[in-house]
Amino acid sequence: MTTDTPRIPGGSGSTGATADPAAPGQSAAPARSVTVRVPAKVNVQLAVGGSRPDGFHDLANVFLAVSLYDHVTAAPDDVLRITVDGPDAAQVPLDRGNLAARAAIALAARHGIEPRVHLHIAKDIPVAGGMAGGSADCAGALLACDALWGTGASRGELLEICAELGSDVPFSLVGGAALGRGRGDRLEPLGTGGVFHWVFAVADGGLSTPAVYRECDRLRSASGAGHTVADVPDPQPAPALLAALAAGDAVALAGALANDLQPAAVSLRPALAATLRAGTAAGALAALVSGSGPTCAFLAADAQAAGAIARALTASGTCRTARVASGPAPGATVVPR
């Protein structure tokens, strides 16, 4: 089966609620609050090209959204305010540098209004774990503010703002499965033939994504292969991996999983090697570092196997906790009241 792309409020024909229903002849009352649920992601393939003159790298990034979610609630306020609760909430910035705050500011600027909103983020996606938690909150805030303020942004406008704010943000809005080109922000939806079961081993502390890319460049240079666009082939998705996704074949997908950033993440955090070994020994079909890490992802044969792997990882002492999830999951979605 092919996953459906969720409808995004905004634009003509939108089904997104932006206000309480009004009686005939009366104006609609402003929405009291809007909550958006937004998923984590795993990169089932992350092919990284050479470093460009601008410092970025071209990617072939195969995203799969998974069922670990943050919830972002937007409510009217006199100022722009951010609050956070949940695991590792203390690590999330509360100023205007927060990606959720930047989403509200960007949408408000386009529509000539002040970003007076209280954004509350209920965290469940690991922070700085390579699962796009910050990008998820950004997409969630953008969708929630659009609904709260009734800006009526089209899907294209929302995706354009997402791309301006971060490479992973457009996928957080769309969800499902997709191939990301360029910096990962140019998306091509991918069909999936079934549900894939995962275990995510959450490490203590995070890894800086820019630091992991720099280490990737360093390791490539140290190998003698070079690290620039002149040295590294253009990244391409693996046909076998795309076929496995389309067929819903977990065994075939396990044989095709790949992350060019994994050597760099393990170089910066050598303890990840033990985590990867522990999950594989517990019966995972395959193991890889998720994105830039340090979360490690393990593909399981089914839900029962995923539960057993999670228990073994927790008992191994090689990670802080282990979480079970499945994918594909829908992208950012307004939660009905």
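Predicted model: local features only at pLDDT ≥ 70, side-chain atom pairs only at ≥ 80, totals over all residues.
Residues are numbered from 1 along each chain as its sequence is written, and side-chain values use heavy atoms, with hydrogens and water left out.

**Helix 5**

Helices (H or I, at least four residues) and strands (E, at least two) are DSSP runs, numbered from the N terminus. Helix 5 covers residues 209-222, and its 14 residues should span 20 Å at 1.5 Å a residue; the end C-alpha atoms are 20 Å apart, which agrees. The expected span is 1.5 Å times one less than the number of residues. V212, Y213, E215, C216, D217 and R220 of this helix are buried, that is, under 20% relative accessible area with a 1.4 Å probe and protein chains only. The buried residues of helix 5 pack against strand 3 (34-51), strand 4 (57-76) and helix 8 (262-268); contact means heavy atoms within 4.5 Å. Just after the helix, G224 takes a positive phi of about 90°.

**Annotated domain**

An unreviewed UniProt entry places the annotation "domain: GHMP kinase C-terminal" on residues 242-316; such annotations may be inferred rather than shown by experiment. Over residues 242-316, the chain is 59% helix and 15% strand.

**Cavity and backbone features**

A cavity is a set of points, on a 1 Å grid over the protein atoms alone, where a 1.4 Å probe fits but cannot get out; lining residues have an atom within 4 Å of a point. There is one cavity of 30 Å³ or more, and the largest cavity has a volume of about 40 Å³, a volume being the space filled by probe spheres set on the points. Its lining includes D88, Q91, P294, T295 and R320.

P294 also takes part in a cis peptide bond, joined to G293, and is found in the loop between strand 11 (286-289) and strand 12 (296-300). The two cis bonds are listed below.

| Cis peptide bond | Omega |
|---|---|
| G293 and P294 | about 5° |
| G327 and P328 | about 10° |

D88, another residue of the cavity lining, has a positive phi of about 65° although it is not a glycine. D88 lies in the loop between strand 5 (81-85) and helix 1 (99-110). At 21% relative accessibility, D88 counts as partly exposed, the class between 20% and 50%. A132 likewise has a positive phi, near 65°, but at 12% relative accessibility A132 counts as buried.

Terms used: 1 Å grid on protein atoms, 1.4 Å probe; cavity = no way out; pocket = protein on both sides within 12 Å on 5 of 7 lines; lining within 4 Å.
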